[in-house]
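Here's a quick tour of one protein chain, written for someone just starting out. Have a look at the picture first, then read on.

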Amino acid sequence: MIFSGLFYQYPMVKFALPQVPLLLGGIIFGSVSTAIAAPLAEINLGDMPLRNQEITAGPTQVRIIEFEPANYAADEPRYLTYAIYVDGEFQTQARQEVDFRFASFSLENLDPDGVPEVIFHRYTGGAHCCSIYTIYSSQGDRLHRTLTYPLDAAAAGAFEDVDGDGYSEFQSADPRFFYAFGSYASSWPPAVVLTFRGGSLIDTTRQFPDQMRAIAYTMYEQTRDSTPADPTPGANSVLAGYVAQKILMGEYESGWDYMLAHYDPTDDWGLTEYNAAGEEVGTFADYPAALEAFLIDLNYLTRDGKPNPYLDLSRPIVEQEALL
Ligand SMILES: [Ca+2]
Ligand SMILES: [Ca+2]
């Protein structure tokens with residue numbers, strides 16, 4: 001592996017493709033006109049070995065020096081080695097064990113400086129579920145590298161310039177909501193929108209109120225018939241995302257009141273209390289108490305239970321940044 005560092009410890013999806021979150025992903029930006037960034041050049045790493053293959057767009061070039069597809073029967077490591085050039089000058093070379101089912105390099109303008117970014121997307125598949133993005137961007141005379149955590153399908157959105165200002169958005173969702181208060185299929189994470197600026201993915205979620213409102217509305221549709229006396233199964237999981245989404249929209253109080261009127265007091269998923277070491281230390285009195293503690297843990301709320309204006313939603317998505 002060329003990258004070190006611990007992967008973020010949220011529950012990974014190890015089975016069943018998501019149904020609801022994928023649908024949600026289609027809703028998020030479906031009604032907004034967007035500039036979909038078509039790759040300027042692309043190369044896929046699949047079943048065939050590659051040697052000295054290049055893709056170029058403007059001044060940016062990726063050279064696949066060596067790629068051997070994973071061979072699960074042979075049970076020996078295979079490697080990918082690639083190098084990046086800008087204006088014909090060598091920038092960096094990376095060699096890593098092939099730990100993915102398939103991957104691609106694409107060259108796209110994620111910002112308006114005219115030097116295309118390199119997006120290396122690998123999909124680990126199988127037991128590891130996830131998409132991992134590595135983005136290389138020329139910034140002055142340095143190459144800036146951004147690495148995401150493994151993101152499952154509902155959190156691994158594509159790049160699009162949603163508001164047309166020349167800086168692309170990465171449309172994602174907060175993966176920490178999966179399994180927190182229900183199964184994967186009933187987990188509806190709040191939106192995360194990150195904008196690519198200066199080589200970094202910056203949290204701009206709150207600048208996209210229409211998208212947040214569309215998501216909140218789908219969550220509302222899923223829970224409006226639920227009441228504490230006659231609850232809908234899975235309501236608590238959707239309501240966790242709903243309250244978080246409403247916090248981001250500046251509507252925490254109405255979101256909380258809605259949750260109180262629609263939650264399921266008979267569902268104990270997520271009510272066990274753990275300490276920082278992951279040991280069980282007790283049980284929350286009820287779902288609202290567990291939800292408040294969860295939202296404080298994730299920094300949606302401050303320690304005194306107020307909406308946190310400094311919540312940075314790039315943190316559950318971006319694992320590592322480096323200037324090379
Ligand atoms: Ca650029
Ligand atoms: Ca933009």
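## A hairpin and its neighbour

Strand S13 and strand S14 (residues 200-203) run antiparallel and are joined by four bridges. A strand here is a DSSP run of E with at least two residues, a helix is a run of H or I with at least four, and both are numbered from the N terminus. Two strands pair if DSSP finds at least two bridges between them. Phe 196 has Leu 201 in S14 as its bridge partner. Two residues sit between the strands of this hairpin, and Gly 198 takes a positive phi near 60° there.

S13 also has strand S12 (residues 169-173) beside it in the pairing: five bridges join these antiparallel strands. Is S13 buried or exposed? Six of the seven residues of S13 (residues 191-197) are buried, so the strand is largely enclosed by the rest of the structure. Buried means that 20 or more other C-beta atoms, placed from the backbone, lie within 10 Å of the residue's own.

## Where the model comes from

This is a predicted model, in which local features need pLDDT of at least 70 and side-chain atom pairs count only at pLDDT 80 or more, while totals for chains, interfaces and linings use all residues. Residues are numbered from 1 along each chain as its sequence is written, and chains are lettered from A and ligands numbered from 1 in the order in which they are written.

## The whole chain

The protein chain has five helices and 17 strands. Of its 324 residues, 40% count as buried.

## An open sheet

Four strands make an open sheet in the order S3-S4-S5-S6, with antiparallel pairing. Strands S3 (50-57) and S6 (89-97) are at the edges with a single partner strand each, so one side of each has no neighbour in the sheet. Eight bridges join S5 (residues 79-86) to S6, and Thr 81 stands opposite Arg 95 in S6.

## Two helices side by side

Helix H3 (residues 235-248) and helix H4 (residues 252-262) pack at about 170°, with axes 8 Å apart. Axes are lines fitted to C-alpha atoms over the stretch in contact, and angles run from 0 to 180 degrees between N-to-C directions. H3 and H4 are therefore roughly antiparallel, the word for angles over 145 degrees.

Which residues of H3 meet H4? Among them are Leu 239, Tyr 242 and Val 243 in H3, while those in H4 include Trp 256 and Met 259. Residues are in contact if their C-beta atoms, placed from the backbone, lie within 7 Å.

Terms used
A residue is buried if 20 or more other C-beta atoms lie within 10 Å of its own, exposed if 12 or fewer, and partly exposed in between; C-beta atoms are placed from the backbone. Angles under 35 degrees count as roughly parallel, over 145 as roughly antiparallel, 65 to 115 as roughly perpendicular and the rest as oblique. Two residues are in contact if their C-beta atoms, placed from the backbone, lie within 7 Å.
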